[in-house]
Amino acid sequence: LARIGLKERRRNDSLGELAAYYDKIMSRVDYERWSMITTAMAGLLPKPFVHLDAGCGTGRLLRTLERYGWKTFGVDLSSEMLRAGRKWKPKLSVAAADLRALPFHSRFDFITCLFDSINFLLDPVDLHKALKSCANALKPGGVMYFDIVTEQMVVQHYADQTWTERQGGLNTTWSGQYDEKSRIARTVVTVKNGPSCSILERMHQRDEVEDAIARSGLELVGVYDAELWRKPAKRALRIDFIVSKGNVKAHRKALRSVESSVRAYLGQRTA
Ligand SMILES: C[S@@+](CC[C@H](N)C(=O)[O-])C[C@H]1O[C@@H](n2cnc3c(N)ncnc32)[C@H](O)[C@@H]1O
């Protein structure tokens, strides 16, 4: 793992070969939770607003947001992921772009970047570049909602483990490794009678993320354990961050009612 070359780190399109199978493999993933929190965030935004899903993959979130009639776009580094998304919806409003160098200036009121896309940035420099580029793409007062998976997730569920699962009619074998020094996790996913690909993700520390937020001209509005929407404990597996480009006091106030509705929603699901 320590021998991951600079080129591989720079252009981490590790899902490219898996793209055509991605939606089937992820068919049991709970996109409704992201969709609920994303739409709840509308309480912080001006009306009408423009939304960007950065690291949109095959556009699963964009497709769930359609029912709300939002003006929404997606970008992703992987043309293969975008192509796979267009198979489901030919007119999906998406384009290829790198999170670390988004070609937008003051264009969006709201950016989402979910399901670990931030973990695909393999060092703290890229993490900072990406948040700075998102800050630049946001309008003043704009809001961003992103998440990361934590080292706890990898250590508990992936490192040194191999398993087989069946999702969306496909059999896949998964094998995880974790290098604590570089904080990089490699997951090799093999589709039966299909490709085998190696997914690289860095387990950024919460402090590193908060430092990158502050250095990017963004401010922290709220940070939550994604499962509970409470203050993240050390054992949190996924962390949700809400940040803004200014107007932080008003956003913090408005986020309180979002918190209550998200907690009520999460509570219903576990009841
Ligand atoms: C686990 S997928 C999540 C995709 C999508 N958000 C979803 O919920 O299905 C991570 C995505 O981040 C994209 N990605 C990784 N590095 C990126 C970068 N530097 N710029 C833009 N997208 C990137 C990958 O191509 C991939 O589609």
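Select Gln-167 to begin; this residue lies in strand E6 (residues 162–167). Helices (H or I, at least four residues) and strands (E, at least two) are DSSP runs, numbered from the N terminus. The model is predicted: local features need pLDDT of at least 70 and side-chain atom pairs count only at pLDDT 80 or more, while totals for chains, interfaces and linings use all residues. Residues are numbered from 1 along each chain as its sequence is written, and side-chain values use heavy atoms, with hydrogens and water left out.

**Stop 1: Gln-167**

Is Gln-167 buried or exposed? Gln-167 is buried, at a relative accessible area of 11%. Buried means under 20% relative accessible area, exposed over 50%, and partly exposed in between (1.4 Å probe, protein chains only). Now show the side chain of Glu-165: the side chain of Gln-167 makes a polar contact with it, at 3.2 Å. A polar contact is a pair of N or O atoms within 3.5 Å; within protein, one must be able to donate a hydrogen and the other to accept it, and residues adjacent in sequence count only if both atoms are side-chain atoms. Not counting residues up to four places away in sequence, Gln-167 touches Lys-24, Ile-25, Ser-27 and Arg-28. Contact here means heavy atoms within 4.5 Å.

**Stop 2: helix H3**

Select residues 31–40, which form helix H3. Of the 10 residues of H3, 9 are buried. They are Tyr-31, Arg-33, Trp-34, Ser-35, Met-36, Ile-37, Thr-38, Thr-39 and Ala-40. Next, colour the elements that these buried residues pack against: helix H2 (19–25), helix H4 (60–65), E4, strand E5 (138–149), E11 and H9.

**Stop 3**

Move on to the loop between H3 and E1, where Leu-44 is found. Leu-44 counts as buried, at 8% relative accessibility. Leaving aside neighbours within four places in sequence, Leu-44 is in contact with Val-143, His-251, Ala-254, Leu-255 and Val-258. Then pick Asp-109 as well: Leu-44 and Asp-109 are 65 residues apart in sequence and 9.7 Å apart in space, C-alpha to C-alpha.

Pro-48 lies in the loop between helix H3 and strand E1 (50–54) too. Look at the peptide bond from Lys-47 to Pro-48, which is cis, with omega near -5 degrees.

**Stop 3: the nonpolar cores**

Which residues touch the most other members of the largest nonpolar core? Select Met-41, Trp-229, Ile-242 and Leu-255, out of 43 residues in this core. A nonpolar core is a set of buried Ala, Val, Leu, Ile, Met, Phe, Trp, Tyr and Cys residues joined through side-chain atoms within 4.5 Å. Helix H9 (residues 248–270) gives the largest share of this core, 6 residues. Apart from this core lies another, of 32 residues, among them Val-50, Phe-108, Ile-111 and Leu-131.

Return to Trp-229 and display its contacts. Not counting residues up to four places away in sequence, Trp-229 touches residues including Ile-37, Met-41, Ile-242, Leu-255 and Arg-263.

**Stop 4: the ligand**

- Asp-98: an N or O atom in its side chain is 3.0 Å from a nitrogen atom of the ligand.
- Leu-114: a backbone N or O atom lies 3.2 Å from a nitrogen atom of the ligand.
- Ser-117: an N or O atom in its side chain is 3.3 Å from an oxygen atom of the ligand.

Taken alone, the ligand exposes 590 Å², and the protein buries 97% of that. Accessible areas come from the Shrake-Rupley method with a 1.4 Å probe; for residues, only the protein chains shown count as cover.

**Stop 5: two positive phi angles**

Select Asp-116, in the loop between strand E4 (108–113) and helix H6 (124–137). Asp-116 has a positive phi of about 70 degrees although it is not a glycine, and it is buried, at 8%.

Finish at Asn-247, in the loop between strand E11 (238–244) and H9. Phi of Asn-247 is also positive, near 55 degrees, and Asn-247 counts as partly exposed, at 48% relative accessibility.
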